[in-house]
Amino acid sequence: MRSYYLLLAVLSFTLVVSCKKEEEVIKEPVQEQLDPTVSYDLTDVAYGSDPEQVMDIYLPANRSAESTQVFFLIHGGGWSAGDKENFQSTFNALKFVYPDCAIVNMNYRLATNSSPGYPKQINDVEKAIQFIFSGKYDLSHEICFLGNSAGGHLAMLYAYKFDDEGYIKAICNTVGPADFTDPSYTSEPDFEYGLISLVGPVTYDENPALYQEVSPVYHITQNAPKTLSFYGDQDPLVPATQVTILHDKLSDVSVYNEWTLYAGEGHGNWNTTNANDYQTKIISFITNHFIH
């Protein structure tokens with residue numbers, strides 16, 4: 001039953017209602033001290049001064065800094081679009097399937113013509129993590145990232161390159177770009193054009209070091225978190241070559257990883273058979289490699 005609800009969430013077909021009764025959940029603005037015995041649904045919590053730096057937070061009842069793990073959702077949208085609302089059904093489903101975990105669904109500053117996504121979006125992820133671990137929420141320093149597309153890229157880049165504290169324990173990556181130096185990107189103008197939102201109007205030939213810097217695979221070490229990935233071999237936005245480049249590198253340094261390349265599929269929105277496989281593998285990975 002719980003697997004069914006998560007399937008609905010990841011495909012965004014419908015919303016899942018939390019199994020908790022409404023009276024058990026407190027909906028109110030963030031306070032300096034929150035009662036750890038009470039469950040909270042906090043919406044549009046500001047973690048920075050920019051209007052786009054907001055997040056929704058679910059805090060379970062009876063949480064503690066020793067045991068309450070955190071799911072962290074990072075939406076997609078080509079670094080220049082998208083919103084945390086795109087992940088709302090997943091947010092609700094995770095509350096149902098893993099009710100003792102906290103959940104953060106964040107917005108970040110979107111790229112514009114004058115302000116590309118890198119590095120400000122990585123800075124936003126860092127700022128959001130620092131905010132939730134400020135002490136008021138009673139959470140353990142253990143995070144599982146779930147990221148789609150650009151959100152998958154940001155999740156991997158932050159976890160592999162910037163997570164100096166080792167907070168990120170697992171990543172569920174769906175169609176996230178991993179290596180922008182891949183010839184499948186650099187030899188195809190349509191793919192390379194899509195990176196303007198991330199790095200600005202600069203090509204690989206003009207600045208290969210920048211393309212390496214924003215490519216998660218260049219920062220994988222033996223300390224990288226366990227990683228689960230899904231791609232489609234007919235994706236018009238992310239080349240199918242990305243999955244083997246990414247997971248071969250993880251395997252080279254003995255980091256636990258799983259991956260699936262769906263034949264005939266594009267940028268998510270899998271067919272029914274693959275969707276069932278997708279949700280089963282996500283639940284198995286999270287339950288076996290993150291939850292304790």
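Visitor: Do D56 and K84 count as buried or exposed?
Guide: Quick heads-up: this is a predicted model in which local features need pLDDT of at least 70 and side-chain atom pairs count only at pLDDT 80 or more, while totals for chains, interfaces and linings use all residues. Residues are numbered from 1 along each chain as its sequence is written, and side-chain values use heavy atoms, with hydrogens and water left out. The scale goes by relative accessible area: under 20% is buried, over 50% is exposed, and partly exposed is in between (1.4 Å probe, protein chains only). On that scale, D56 and K84 are both buried.

Visitor: How many residues apart in sequence are the parts that D56 and K84 tie together?
Guide: The side chains of D56 and K84 form a salt bridge, 3.1 Å from N to O. D56 sits in strand β3 (residues 54–59) and K84 in the loop between β4 (70–74) and α2, so this pair ties together parts whose separation in sequence is 28 residues. For the term itself, a salt bridge needs a side-chain nitrogen of Lys or Arg within 4 Å of a carboxyl oxygen of Asp or Glu. The separation asked for is 28 residues.

Visitor: Which residue forms a salt bridge with K95?
Guide: The closest N and O atoms of this pair are 3.1 Å apart, and the partner of K95 is D41. K95 is in helix α2 (residues 88–97) and D41 in strand β2 (residues 39–46), 54 residues apart.

Visitor: How many helices and strands does the protein have?
Guide: Both kinds are DSSP runs numbered from the N terminus: helices are H or I with at least four residues, strands E with at least two. Counted this way, there are 10 helices and 9 strands.

Visitor: How many disulfides does the structure hold?
Guide: A disulfide is a pair of cysteine sulfur atoms within 2.5 Å, and the structure has 0. C144 is in none, its nearest cysteine sulfur being that of C172, 4.3 Å away. C144 is buried at 0% relative accessible area, and C172 counts as buried at 5%. The disulfide total, then, is 0.

Visitor: What percentage of the 292 residues count as buried?
Guide: The accessible surface is about 12500 Å², with 48% belonging to carbon and sulfur atoms (Shrake-Rupley method, 1.4 Å probe; for residues, only the protein chains shown count as cover). Of the 292 residues, the share that counts as buried is 54%.
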